[in-house]
Amino acid sequence: MTIKNITVLGSGIMGHGIAQVSAMSGYNVVLRDIEKQFLDKAMEKIKWSLDKLVSKQKITEDQGKEIFSRITPIVDLAEALKDCDLMIEVVPEIMDLKKKVYAEVDKVVPQKTVFASNTSTLPITEIANTTSRPERFIGIHFFNPPQLMKLVEVIPGQKTSKDLVDTTISFVKSVSKEPVVCKRDVPGFIVNRLFIPLVHEAAYAMDRTGATKEEIDSAVKFTLHFPMGIFELADFTGMDVIHKATLEMHSRDKKVINPHPLIEKLYNEKKLGQKSGEGFYKYSGEQYERINLTEELAKKFNPIQLLGNVLNNAAWLVTNQASDVPEIEKALLLGMGLKKPLFETAKGFGMQNIVSELQRLAKENKFYEPDLYLVSLK
């Protein structure tokens, strides 16, 4: 399976970013959207991004022009797909919309084309089964922004061929990214299965302990070695994204997430985080603000319940043969910026202590029942 020509469906932040990294690695790229104005805006952003790389002397001016010339914006779907080897779909995370797009694509796409969806939470198998080629369909989840983030999750559906998994891994490496394979099409894949439930757990920890957001976030940053606090990270990601992922993951598997009503409340109040000026925290300007977190504040909160939550979901991935510990650690390092391996941090707390804490919480709510793999490590 040779990939030379790529069509990216959808020219938003992720779409134009994927188009740019593909063109920078020598692929011919067609960027497709439903209106010319969306494509014009996307091409402007790509031009701006390449100019910035030129100004930083990462690429020459000629290289910038050459990369830009490899991207062709096209509105007409049949024309956009006519010589496509790999189609990467980056339309909004709405299942009905994705299914509608694939129904249109299926009518005009060449036989040789393979399909990849950049979904971060929707089930790959369900989308694949709406097409005429489920064995030639795979999940390829880039992280935002694709120009900077190294991680790409590769997710085969139930019918995806082994050849396509290998081809996709090679493609990811060819665009200078690091693949991790989520071997089963599970809710949240790897990173979101660990990140999204943790936001809810942090809200529960606030209720249970009376700790402040700043104390919890300081402990997440300085004791659990995350790049920022979990509430801070939620505000950076956006409550709309978190709420949508929560609904999707919880509808597929009640065991993955224990939804806290505060997330839905913030979403309904349009307190979406940094982008709206308020989420868990308030923000004053357009510029991204960091919350003042300190090692002193970190000492006031014991994050064992948060560690238990993220470890339990990591253990579930291992037990259910969706991933293994080295791949999970790689995903957390590259996708979430952890400064120390998760299981190494856990050893410092004592696996027995973490399991005991989960068992204590499980007396009130079965959701916290520790996974068998986690119990085996104590």
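Six aromatic pairs were counted in this predicted model, where rings of Phe, Tyr and Trp (its six-membered ring) pair if their centres lie within 6.5 Å, and planes under 30 degrees apart count as stacked, over 60 as edge-to-face and the rest as tilted. One of them joins Tyr 102 and Phe 115 in a tilted arrangement, with 5.7 Å from centre to centre and 45° between the planes. This pair links distant parts of the chain, 13 residues apart: Tyr 102 belongs to helix H5 (residues 95–108) and Phe 115 to strand S5 (residues 114–117). Helices (H or I, at least four residues) and strands (E, at least two) are DSSP runs, numbered from the N terminus.

Phe 367 counts as buried at 11% relative accessibility, and Tyr 368 is buried at 4%.

Charges meet rings here too. Lys 255 lies over the face of Phe 367, 5.3 Å from the ring centre, and the charged end of Lys 213 sits over the ring of Tyr 281, 5.9 Å from its centre. A charge sits over a ring if NZ of Lys or CZ of Arg is within 6 Å of the ring centre and within 35 degrees of the ring normal.

Residues are numbered from 1 along each chain as its sequence is written, and side-chain values use heavy atoms, leaving out hydrogens and water. Because the model is predicted, local features need pLDDT of at least 70 and side-chain atom pairs count only at pLDDT 80 or more, while totals for chains, interfaces and linings use all residues.

Methods. Buried < 20%, exposed > 50% of the residue type's maximum accessible area, 1.4 Å probe, protein only.
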